[in-house]
Amino acid sequence: MMSDLAGMRRDYEGDALAPENTPDSPLPLFEGWLEKAIETEGLDANAMTLATVDSAGHPHARIVLLKGFDQSGFRFYTNYQSQKGNELAHVPNAAVVFWWPALQRQIRVEGSVSKVDSRQSDDYFASRPRQSQLAAWVSQQSVEIPNRDWMKERLSRFEQVYSDQDVERPPHWGGYLLAPLAVEFWQGQRSRLHDRVRYTRRDEHAQEWHRTRLAP
């Protein structure tokens with residue numbers, strides 16, 4: 001089985017992607033691609049690989065969900081005391097990757113990361129299902145635990161605490177904003193001659209983007 005890995009391959013055949021046919025800023029193109037991905041990938045369309053680095057410069061990556069985006073950047077939510085939260089506290093830069101195999105498309109985003117304001121975190125937390133709200137209290141994310149019963153016992157305790165009231169947002173849980181400095185769009189093409197268009201800007205406050213074609 002493993003010997004077949006070297007021979008596993010697919011040919012790509014996507015729509016053409018060229019800088020001269022793309023908008024001046026990456027957000028409209030991102031939005032269009034995401035809408036198409038939702039049609040083809042369904043509920044997994046907003047899944048993205050988030051890469052961070054620790055204080056020693058070691059990279060770490062995991063899948064998180066995009067929960068909003070606008071001109072200021074891309075938002076996701078998590079436990080601030082998790083491994084990624086600690087890494088972002090020391091090195092507030094990150095990269096995310098979207099991969100949509102049915103469309104043969106990939107988007108890379110790189111930039112600086114900061115916490116969203118507490119009101120925005122409160123609003124999103126209030127929109128979550130109650131069990132997801134309770135899970136934010138139950139899970140001490142990235143901490144070693146003895147077994148699954150440990151989580152069940154904590155869940156039971158928090159269900160009792162909030163049995164007759166709304167679940168408040170934990171102070172250690174909230175949102176992050178990734179303000180992009182670079183956004184790259186990749187469209188698969190035949191013979192591995194893929195199309196790549198990369199947008200870059202000077203800093204997160206700059207309105208003007210520079211876009212160019214990259215070799216595959």
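What volume does the second largest pocket have? I began my notes with this pocket, keeping in mind that the model is predicted, and I found a volume of about 200 Å³ for the second largest pocket.

I then looked up the residues around the second largest pocket, and I noted that 14 residues line it, with L27, D70, Q71, R201 and W209 closest to its centre. Helix 1 (26–41), strand 4 and strand 7 (173–187) are the elements that each give two or more residues to this lining. When I sorted the lining of the second largest pocket by residue type, I got 7 nonpolar, 4 polar and 3 charged residues.

Next I turned to the largest pocket, which holds about 360 Å³ of space. Its lining is made up of 15 residues, and I wrote down Y77, T78, R128, Q141 and W173 as those that lie nearest the centre. I traced at least two lining residues of the largest pocket to each of strand 2 (59–65), strand 4 (73–79) and helix 4 (130–138). Sorted by type, the lining of the largest pocket divides into 7 nonpolar, 5 polar and 3 charged residues.

Last, I checked the annotation: an unreviewed UniProt entry gives residues 173–216 as "domain: Pyridoxine 5'-phosphate oxidase dimerisation C-terminal".

Key
Residues numbered from 1 in each chain as written. Predicted model: local features only at pLDDT ≥ 70, side-chain atom pairs only at ≥ 80, totals over all residues. Heavy atoms only, no water. UniProt positions renumbered as here; feature names shortened; annotations may be inferred. 1 Å grid on protein atoms, 1.4 Å probe; cavity = no way out; pocket = protein on both sides within 12 Å on 5 of 7 lines; lining within 4 Å. Points joined across faces, edges and corners; volume = space filled by probe spheres on them. Helix = DSSP H or I, 4+ residues; strand = E, 2+ residues; numbered from the N terminus. Nonpolar A, V, L, I, M, F, W, Y, C, P; charged D, E, K, R; others polar.
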